[in-house]
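Subject: Structure handover

Hello,

Here is the structure I said I would pass on. Please open it next to this message, and then read the notes below.

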Amino acid sequence: MTQHRIDPLGALVTAVGAAALLWLPFVVLKPNRILPGDARSLIAVLPPSTTIACLACLILVALAALAMSKPPVRLAAALLGVIVVAAAISTAGDVLTPPGNRVVRVAPGSGFWVLLVAVGLMATDAITRLRPRPAARVLMLALFAAVTLFALAHGTFDHLSVMREYAVNAGRFAHEVRQHVWLALGSLGTAVIVALPLGILCHRVPRLRGGVLGTLNVIQTIPAIALFGILMAPLGALAAAVPLAAQLGIRGIGAAPAVVALFLYSLLPVVANTVAGLKRVSPAAVEAARGMGMTSWQVLTGVELSLALPTILTGIRIVLVQNIGLVTVAALIGGGGLGVFVFQGIGQTAIDLVLLGAIPTVALAFSAAVLLDAVVETMNRARQ
Amino acid sequence: MITVDKLSKRYGTTTVVDQASMVIERNSITVIVGTSGSGKSTLLRMINRLVEPSSGRVLIDGNDTAREPAHLLRRRIGYAIQGHGLFPHRTVAENIATVPRLLGWDQARVRARVDELLGVFQLDPAEFAGKFPHQLSGGQQQRVGVARALAAEPAVLLMDEPFGALDPIIRAKAQDDLLDIQRRFATTIVLVTHDMDEAFRLGSRVAVMSQGRVLQYDRPAALLTRPADPFVSRMTGSADRAMKLLSLTTAGEVAVPGSSNGPTVAASASLRDALSELVWRGAESAAVVDANGMPCGCLTVAAILAHGRPG
């Protein structure tokens with residue numbers, strides 16, 4: 001059956017991609033990491049044969065985006081698009097870098113990024129239409145991550161500016177990634193330990209609910225930088241007054257205020273979702289559980305929390321994604337994490353260094369969201 | 001035997017149950033009936049201590065229920081409620097296995113019991129054991145709820161408006177099933193309802209409650225013929241009380257030796273149904289037959305009518 005309807009999203013993706021190819025620079029060639037460079041289009045950079053192959057592939061992708069309705073075909077086309085765009089930028093890096101020159105920078109231009117977003121949008125749209133099971137989504141993410149990491153390890157993008165920055169910072173990079181993940185997970189973990197009992201208490205004692213949620217709401221409205229500032233003075237004073245605290249690494253700056261601030265931000269979503277989840281549990285199920293001789297603890301863990309778990313996990317997902325983003329700001333007060341590269345890059349006007357911090361942060365947050373969404377959906381499927 | 005001894009529940013100045021006393025016979029169905037707010041559910045929930053009494057005692061086979069931890073007491077007493085209260089995140093088999101698991105039964109025994117109960121409630125284990133409650137019809141959910149309450153072979157089963165959410169046809173079936181179950185497991189059942197017809201149909205004894213007090217606790221026929229209180233008369237209804245009385249006796253109990261050319265009536269049929277059949281056929285007497293269709297006596301309209309009035 002042939003369909004002659006043009007796909008609206010496909011039309012948008014094609015238009016944006018074509019505009020990016022025609023009018024935006026695909027790469028920027030800079031004499032060094034700070035000076036502004038020359039914008040080059042894809043056609044001007046790649047060897048003619050490669051250009052033709054590349055454009056032919058992109059036209060195929062655009063045709064699929066416009067006319068194909070089957071999600072697997074659309075997904076395959078989108079992935080082809082991603083591979084072509086990645087190959088093109090990799091080739092551009094190799095072609096433009098003079099042999100042995102470590103000063104010249106080949107930076108992906110706005111045209112590259114817009115093109116990547118266009119094919120990425122097409123891919124996510126195709127995946128949404130495929131409606132894969134949660135496990136399949138996680139598998140896709142793992143495959144994509146594995147291919148990307150393999151390409152990076154293989155040196156495919158080594159001539160690009162961001163990877164040049166990575167080569168300079170390789171030793172620190174792994175450390176800052178670990179620090180980033182540790183700050184995000186550590187603050188989340190402590191928050192869950194506190195928020196879960198607090199949520200249960202708010203559920204059991206309705207009088208507390210307004211006050212607790214109100215207070216946590218106010219904390220949520222304080223901007224991150226202001227909260228770090230507010231915490232500096234008391235934590236500094238604590239470290240000065242209590243030597244043990246200082247020995248444990250609690251100081252006015254560094255990881256301590258970052259963890260405390262992230263912990264405070266994490267409380268509201270977890271407490272609010274715990275209360276909402278417990279409220280949704282059928283009173284008849286709780287009554288029956290008590291009537292059959294479960295202890296209060298068994299009713300709480302076996303029935304109430306079990307039934308509220310998907311809602312509570314949704315709160316935890318919100319917090320994790322939010323924290324991975326917020327940890328970046330912690331670098332400002334010496335907390336470490338990928339924000340270190342972002343703020344150093346801003347200080348040195350070295351946009352490549354900013355990207356070295358920003359891209360992995362986005363990738364981490366995205367992966368966390370996909371993973372936890374899959375867990376929540378699996379639970380909801382099992383129990384409706 | 002359950003002895004309810006001057007049981008009261010007060011919340012502040014409000015008395016919900018006021019000095020209720022009753023002796024519940026072993027191996028019988030006792031129904032507590034009353035309007036909403038009469039305290040009937042509270043009285044039931046004091047038996048398994050979901051509500052702690054303000055004063056008074058409950059004795060089961062002579063043992064004071066206050067002497068053991070409430071959750072251990074409840075594991076020995078079945079409990080089924082309106083809207084079944086099944087755990088939505090557990091399968092039918094897991095739901096039924098709740099109390100046996102709490103009691104630490106081994107896997108094989110739990111499995112055997114779950115399969116047995118599913119069979120008793122006409123639910124094929126192969127089909128239903130692995131289903132989740134939301135995949136069942138209302139009647140099936142209710143049956144699983146009762147099966148779960150009976151899982152650990154309790155001597156006593158408490159039921160709080162168990163059939164309240166069912167439509168009339170399924171409800172009648174559920175009531176018949178309950179009578180069978182009671183006979184099969186010889187359970188002592190205490191059931192709360194606001195429906196007098198249900199009370200008459202199920203109860204060997206019925207307690208009528210109003211405003212926290214047990215007004216009368218007696219056999220159904222006595223509630224009709226000797227109401228202790230005007231409220232009891234209002235609850236039982238006076239317009240069709242003769243018919244209600246007839247519905248409490250079976251044809252087999254009244255049949256006398258002899259034969260009849262009239263229509264045949266099953267020995268298990270109520271006098272109300274037998275009279276209806278005779279009126280319909282225009283006959284003066286009916287032949288009563290047992291479950292195997294063998295004649296076991298005859299029944300006249302006059303004999304039926306004699307049972308439809310007090311004394």
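Before the helix pairs, one definition: a helix axis is a line fitted to C-alpha atoms over the stretch in contact, and the angle between two axes runs from 0 to 180 degrees between N-to-C directions. Please also keep in mind that this is a predicted model.

**Helices H9 and H11 of chain A**

Take helix H9 (residues 224–241) of chain A and helix H11 (residues 255–280) of chain A: their axes come within 9 Å and cross at roughly 125°. H9(A) and H11(A) are therefore oblique to each other. The crossing of this pair, H9(A) over H11(A), is right-handed. On the H9(A) side, the residues in contact are A:Ala224, A:Leu227, A:Phe228, A:Leu231 and A:Leu235. H11(A) contributes A:Ala256, A:Pro257, A:Ala258, A:Val260, A:Ala261, A:Leu264 and A:Tyr265. Sorted by class, the contact between H9(A) and H11(A) has 12 nonpolar residues, with no polar and no charged ones.

**Helices H1 and H3 of chain A**

Helix H1 (residues 8–23) of chain A packs with helix H3 (residues 48–67) of chain A at an angle of about 155°, and their axes are 8 Å apart. How are H1(A) and H3(A) oriented to each other? Angles over 145 degrees count as roughly antiparallel, and H1(A) and H3(A) are therefore roughly antiparallel. Their crossing is left-handed. In H1(A), A:Gly10, A:Ala11, A:Thr14 and A:Leu21 take part, and they meet A:Leu55, A:Leu58, A:Ala62, A:Ala65 and A:Leu66 in H3(A). By class, this contact of H1(A) with H3(A) has 7 nonpolar and 2 polar residues, and no charged ones.

**Helices H12 and H13 of chain A**

The axes of helix H12 (residues 283–291) of chain A and helix H13 (residues 296–330) of chain A come within 10 Å and cross at roughly 145°. The crossing of H12(A) and H13(A) is right-handed. A:Ala285, A:Val286, A:Ala289 and A:Arg290 of H12(A) make the contact with A:Val299, A:Val303 and A:Glu304 of H13(A). Here the classes are 5 nonpolar, no polar and 2 charged residues.

**Where the chains meet**

In the contact between the two chains, 19 residues of chain A touch 22 residues of chain B. About 1800 Å² is buried between chain A and chain B, and carbon and sulfur atoms give 64% of that area. Which residues of chain A lose the most area to chain B? They are A:Glu287, A:Arg290 and A:Met292, which together account for 33% of what the chain A side buries.

**Confidence**

The model scores ipTM 0.85 and pTM 0.81. Chain A has a mean pLDDT of 89, with 98% of its residues at 70 or more. Within chain A, confidence is lowest in helix H10 (residues 243–247), at a mean of 77, and highest in H12(A), at 93. For chain B the mean pLDDT is 91, and 100% of its residues reach 70 or more.

Regards

Notes
Residues are numbered from 1 along each chain as its sequence is written. Chains are lettered from A and ligands numbered from 1 in the order in which they are written. This is a predicted model: local features need pLDDT of at least 70, side-chain atom pairs count only at pLDDT 80 or more; totals for chains, interfaces and linings use all residues. Side-chain values use heavy atoms; hydrogens and water are left out. Helices (H or I, at least four residues) and strands (E, at least two) are DSSP runs, numbered from the N terminus. Angles under 35 degrees count as roughly parallel, over 145 as roughly antiparallel, 65 to 115 as roughly perpendicular and the rest as oblique. A crossing is left-handed if the near helix is turned anticlockwise from the far one by less than a right angle, and right-handed if clockwise. Contact means heavy atoms within 4.5 Å. Ala, Val, Leu, Ile, Met, Phe, Trp, Tyr, Cys and Pro count as nonpolar, Asp, Glu, Lys and Arg as charged, and the others, Gly among them, as polar. pLDDT is the predictor's confidence in each residue, from 0 to 100. Buried area is the accessible area (1.4 Å probe) that two parts lose on being put together, summed over both.
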